[in-house]
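Subject: Handing over a structure

Hi there,

Here is the structure I promised to pass on to you. Have a look at it first, and then read my notes below.

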Amino acid sequence: MKFYDREKELAALHAARNIAFNTASQLTVVTGRHRIGKTKLILKSCEQTPTVYLFVSRNSEAALCSYFSQVLRDSLSVFIPEGIHSFADLFTMCIEIAKTKPFNLILDEFQEFLNINPSIYSEMQRIWDLNKDVARMHLIVSGSVYSLMIKIFQDYKEPLYGRATSIIRLKPFSVSVLKTILADHSPSYTNDDLLALYAFHWRSA
């Protein structure tokens with residue numbers, strides 16, 4: 001499937017990954033509403049590089065860690081012991097792996113940790129601060145609730161305040177990009193088709 005626009009965002013993600021893999025870990029925050037294309041953009045930026053994608057669903061911390069552990073094993077071909085119930089312990093293992101094996105770690109719907117165990121953020125802050133300069137991880141966190149993501153990373157009272165090395169807010173496509181999409185899929189499109197796509201895209205965003 002053809003990938004449209006987002007050249008600046010892709011360039012920013014590539015630049016952060018290059019620094020993370022060669023110098024010191026980087027933390028990139030990607031925000032934007034549901035169905036705007038955050039996950040597709042992030043995965044596109046990680047193509048052909050070691051990547052672990054973890055979706056933070058509303059589940060117990062223990063259940064998430066069990067699933068995340070298996071994803072780590074499958075994605076990186078590394079040993080992860082059974083019975084990890086704490087995300088802090090799992091994140092510590094990720095950091096340790098990144099000290100010898102650079103990789104992208106994607107945490108999608110990151111704000112959901114607020115509903116699972118809010119202390120995860122302070123635990124991550126401690127682990128990150130102690131290890132980011134010697135690990136080679138590009139940590140990419142994504143969230144669809146903009147106000148919560150900004151609070152997590154830009155409210156000075158929050159433990160992860162100031163830890164993001166870059167924040168990308170994904171916005172809807174411009175009209176010119178929507179025209180290109182329509183032309184590719186329906187060359188004989190009408191102005192009504194364009195209006196309908198525009199309304200749907202901006203309503204979703």
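A word on names before we start: helices (H or I, at least four residues) and strands (E, at least two) are DSSP runs, numbered from the N terminus. This is a predicted model, where local features need pLDDT of at least 70, side-chain atom pairs count only at pLDDT 80 or more, and totals for chains, interfaces and linings use all residues. Residues are numbered from 1 along each chain as its sequence is written, and side-chain values use heavy atoms, with hydrogens and water left out.

Let's begin with a loop residue. Gln-111 sits in the loop between β3 and α5. Is Gln-111 buried or exposed? Buried means under 20% relative accessible area, exposed means over 50%, and partly exposed is in between (1.4 Å probe, protein chains only). At 3%, Gln-111 is buried. Leaving aside residues up to four places away in sequence, Gln-111 touches several others, including Tyr-121, Ser-142 and Leu-148; contact here means heavy atoms within 4.5 Å. The side chain of Gln-111 also makes a polar contact of 2.6 Å with that of Glu-109. A polar contact is a pair of N or O atoms within 3.5 Å; within protein, one must be able to donate a hydrogen and the other to accept it, and residues adjacent in sequence count only if both atoms are side-chain atoms.

Next, the sheet. Its 5 strands form an open sheet in the order β2-β3-β4-β1-β5, with parallel pairing (two strands pair if DSSP finds at least two bridges between them). Because β2 (51-55) and β5 are at the edges with a single partner strand each, one side of each has no neighbour in the sheet. On average, neighbouring strands are turned by 15° against each other, direction ignored. For angles, axes are lines fitted to C-alpha atoms, for helices over the stretch in contact, and the values run from 0 to 180 degrees between N-to-C directions. Strands β3 (residues 103-108) and β4 (residues 137-143) pair in the parallel sense over 6 bridges, and Asp-108 has Ser-142 in β4 as its bridge partner. Helix α1 (residues 7-22) packs on the sheet, touching β1 (26-31), β3, β4 and β5, and its direction makes about 145° with that of β4. Helix α2 (residues 38-45) lies across β1, β2, β3 and β4, at about 170° to β4.

Now for helix α4 (residues 87-98). Among its buried residues are Phe-87, Leu-90, Phe-91 and Cys-94. What covers the buried residues of α4 includes α3 (61-76), β3, α5 (113-116), α6 and β4. At the start of α4, a side-chain oxygen of Ser-86 comes to within 3.2 Å of the backbone nitrogen of Ala-88.

Last, the charged pairs. The whole structure has 8 salt bridges, a salt bridge being a side-chain nitrogen of Lys or Arg within 4 Å of a carboxyl oxygen of Asp or Glu. One joins Asp-129 and Arg-163, with the closest N and O atoms 2.5 Å apart. Asp-129 lies in helix α6 (residues 119-131) and Arg-163 in the loop between α7 (146-154) and β5 (166-169), so the pair ties together parts that are 34 residues apart in sequence. Lys-99 and Glu-96 also meet in a salt bridge (2.9 Å, N to O). Lys-151, Asp-155 and Glu-158 are linked in a network of salt bridges.

Enjoy exploring!
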